[in-house]
Amino acid sequence: MSVADVPSGPLAPRCATHLDEGATGTCSRCGTFFCGLCARTVLGRTYCGACAARPEVNYLERFRLGLWGRRDSWAWSAGFISALLVPLAAFLLVEGEPVLGVACALSAGVGGAFFLGLPWARYALLAAPVVLALGSGARGWLHAAVGFGCLFISAFSIVASTRNQLFFRRPVSEQQLLRLWHVRENNPLARSALSVALGGVFLPVLAPLAIVLGGWALSRVNPTSLPPVGRKGQAVAAIVVGGASLALWGLFLWPRLGGLLDRFLEG
């Protein structure tokens with residue numbers, strides 16, 4: 001029963017939590033009547049407060065909290081590169097290259113701050129390539145300036161990514177979370193099956209495995225479950241590509257390879 005279908009009048013149902021309040025709708029999960037104070041909307045569906053708090057219903061919030069403040073791969077990369085830049089900066093300063101040495105030292109500082117999740121490091125990561133590009137251009141190092149310009153584009157994509165924003169504890173929209181959840185959590189077996197199937201085109205022993213994994217992933221698809229399980233297209237593609245690989249190798253490639261081997265042995 002939707003919110004609009006709840007009858008009104010003296011015999012109208014009451015909210016299960018606030019008995020003095022008339023019901024304005026029923027929970028999409030358990031069917032409990034609720035009032036306007038108790039209604040909770042999660043991913044376009046309305047629930048009572050108890051159901052909305054369940055992890056399988058509000059799975060995006062659980063997903064967000066799981067990544068909140070946790071370093072992503074770019075943060076670990078920044079920390080690793082910073083550790084390499086520190087001795088390089090010291091070497092350049094000792095060898096009489098103060099400009100390059102200071103640049104490496106500052107870059108190491110920015111990368112270290114980025115690894116630690118300091119808020120200003122996100123802006124410094126964008127500013128550093130711009131400063132280096134301008135400095136290189138002023139010295140006539142055009143190739144270096146172009147390289148730093150490309151580095152700025154990479155830095156911008158890192159900072160703008162949903163995963164990195166979660167690491168820096170910045171708010172993200174529901175649409176951003178949903179896209180990231182689909183990539184990381186929504187039936188990853190189907191994506192793995194498709195990858196194995198593509199490998200089966202070159203290595204036929206992988207094709208049967210791709211068919212099995214694709215069938216397994218397809219059996220898990222359930223768009224109405226909480227959370228929903230999708231990627232039906234990828235699961236079907238894995239089965240099709242795996243089967244086509246077996247047919248290709250069995251009907252065309254293996255006979256020809258066998259003929260070439262026989263001629264080689266006879267020669």
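Of the contacts in the protein chain with a separation of 6 or more, 49% join residues 24 or more positions apart. The model is a predicted one, and its secondary structure consists of eleven helices and four strands.

**Overall dimensions**

The protein chain has a radius of gyration of 29 Å, whereas a compact globule of 267 residues would have a value near 18 Å. Taken along the principal axes, the box filled by the C-alpha atoms is roughly 90 × 70 × 25 Å.

Buried residues account for 30% of the 267 residues in the protein chain. The accessible surface amounts to about 16000 Å², and carbon and sulfur atoms contribute 68% of that area.

The following table collects percentages for the protein chain.

| Property | Value |
|---|---|
| Contacts with a separation of 6 or more that are between residues 24 or more positions apart | 49% |
| Buried residues among the 267 residues | 30% |
| Accessible surface belonging to carbon and sulfur atoms | 68% |

**Gly147**

Helix H6 spans residues 142-160 and includes Gly147. Is Gly147 buried, partly exposed or exposed? Its relative accessibility is 37%, so Gly147 counts as partly exposed; the partly exposed class lies between under 20% for buried and over 50% for exposed.

How values were computed: Residues are numbered from 1 along each chain as its sequence is written. This is a predicted model: local features need pLDDT of at least 70, side-chain atom pairs count only at pLDDT 80 or more; totals for chains, interfaces and linings use all residues. Side-chain values use heavy atoms; hydrogens and water are left out. Helices (H or I, at least four residues) and strands (E, at least two) are DSSP runs, numbered from the N terminus. The radius of gyration is taken over C-alpha atoms; the globule rule is 2.2 Å times the number of residues to the power 0.38. Buried means under 20% relative accessible area, exposed over 50%, partly exposed in between (1.4 Å probe, protein chains only). Contact means heavy atoms within 4.5 Å. Accessible areas come from the Shrake-Rupley method with a 1.4 Å probe; for residues, only the protein chains shown count as cover.
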